[in-house]
Amino acid sequence: MKIIDLRSDTITLPTEEMRQAMYEAELGDDVYGEDPTVNRLEELAAHMIGKEAALFTSSGTMANLIAVLTHTRPGDEILVGSEAHMFWYEVGGASALGGVVMRTVPNDQDGRMDPDAIEQAIRLKNIHFPQTTLLCLENTHNRCGGAVLTLEYTSAITQLAHQYGLKVHLDGARIFNAAVALDIPASELARSVDSICFCVSKGLSAPVGSLLCGSQEFVEKARKWRKMMGGGMRQAGVIAAAGIVALQKMVSRLVDDHTTAQRLAYGLARIPGISVYQERVQTNIVMFESPTTIPGTEFTQRMDTRGVKCGSRGGRRVRAVTHRMVSDTDVDEALGRIDLLVKELG
Ligand SMILES: Cc1ncc(COP(=O)(O)O)c(C=O)c1O
């Protein structure tokens, strides 16, 4: 039985071209700034995202943490969405290692935070209060089903935050999915924010790595934080080489993942008992609900035994992510297996 793995786009394996580029990569010691392949990746990333400089990190989690450390001081308060990846899935690193308080502002189903709620959450000057210094956005929004933040929304919220002297960091792990969905350059979506990170290890299919981008001064400080965290990776050109292929060759194919996600959502909507908000599927993430008779965790376990892997997201919520290693045929096969399972459950 073929396993159809819809847990995440992080499971994508590197392409042949990436493996070849890794084999042939010109290398040096990146801690001395001497790895030509890392330098090329950082320059390419900065150029594509429209910032002065970029820093190669081992993961999106590390890039987000470094952004917090660079923008804030211990004791500050930062604003994050109530559904933010930084809040849910990064082990509380911003608080544990950065010493900041994470204050959540409710995310709506499209990954947005209400401007009034943001304004109310920003602390005024008062001896008793921590200082609010950073606002974090997420685009596309993982827990909000791959929702896309528009250019207008991002610019307006950033302007608001800047009025109060806050910096804005964008967790753009899947920013190229957003750019492809909106049919605009990723640099447009990143223009107003102070820093952005994105991953080459997700739909772009590189094996490892993220890029944290911002001004020259920001990246210089960030590089020092990365070193402190043990993230100086020496001959990292071996992995950066795949990142270069990811940025040069894989961005335009993300649209295929979005089409596959639409196919999956369309099929799920036609299985009696499954609820899916088809019109909310904007990129490569499909959120749906298991039948009322069974919690999401148990449903995903049952799907697992039938060779369809998805993630449970609490209650009856289930997440499926499309990517390069899932074809239309795989989606149809997965739908068939899910349909059978639902019928068996009655
Ligand atoms: C929105 C978002 N931010 C950050 C990350 C963290 O990336 P990594 O798994 O490389 O640490 C993820 C991972 O799925 C993500 O979805």
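Glu-42 counts as buried, at 6% relative accessibility (buried is under 20% relative accessible area, exposed over 50%, and partly exposed in between, with a 1.4 Å probe and protein chains only). The model is predicted, so that local features need pLDDT of at least 70 and side-chain atom pairs count only at pLDDT 80 or more, while totals for chains, interfaces and linings use all residues. Residues are numbered from 1 along each chain as its sequence is written, and side-chain values use heavy atoms, with hydrogens and water left out.

The side chain of Glu-42 forms a salt bridge with that of Arg-223, at 3.0 Å from N to O (a salt bridge is a side-chain nitrogen of Lys or Arg within 4 Å of a carboxyl oxygen of Asp or Glu). Because Glu-42 lies in helix H2 (residues 36-49) and Arg-223 in helix H10 (residues 216-228), the pair ties together parts that are 181 residues apart in sequence (helices are DSSP runs, H or I, of at least four residues, and strands are E runs of at least two, numbered from the N terminus). Arg-223 itself counts as partly exposed, at 30% relative accessibility.

## Other salt bridges

By this rule the count comes to 23 salt bridges. One of them joins Asp-328 and Arg-263, whose closest N and O atoms are 3.7 Å apart; this pair links helix H14 (residues 328-345), which holds Asp-328, with helix H12 (residues 254-269), which holds Arg-263, across 65 residues. Asp-328 is partly exposed at 37% relative accessibility, and Arg-263 is partly exposed at 35%.

Arg-316 and Glu-289 also meet through their side chains, at 3.6 Å from N to O.

## The cavity

The structure holds one cavity of 30 Å³ or more (on a 1 Å grid over the protein atoms alone, a cavity is a set of points where a 1.4 Å probe fits but cannot get out, and lining residues have an atom within 4 Å of a point; a volume is the space filled by probe spheres set on the points, which are joined across faces, edges and corners). The largest cavity contains about 40 Å³ of space. Among the residues that line it are Arg-174, Phe-176, Cys-199 and Leu-254, and helix H8 (residues 175-182) gives the most to this lining, with three residues.

Technical notes: 1 Å grid on protein atoms, 1.4 Å probe; cavity = no way out; pocket = protein on both sides within 12 Å on 5 of 7 lines; lining within 4 Å.
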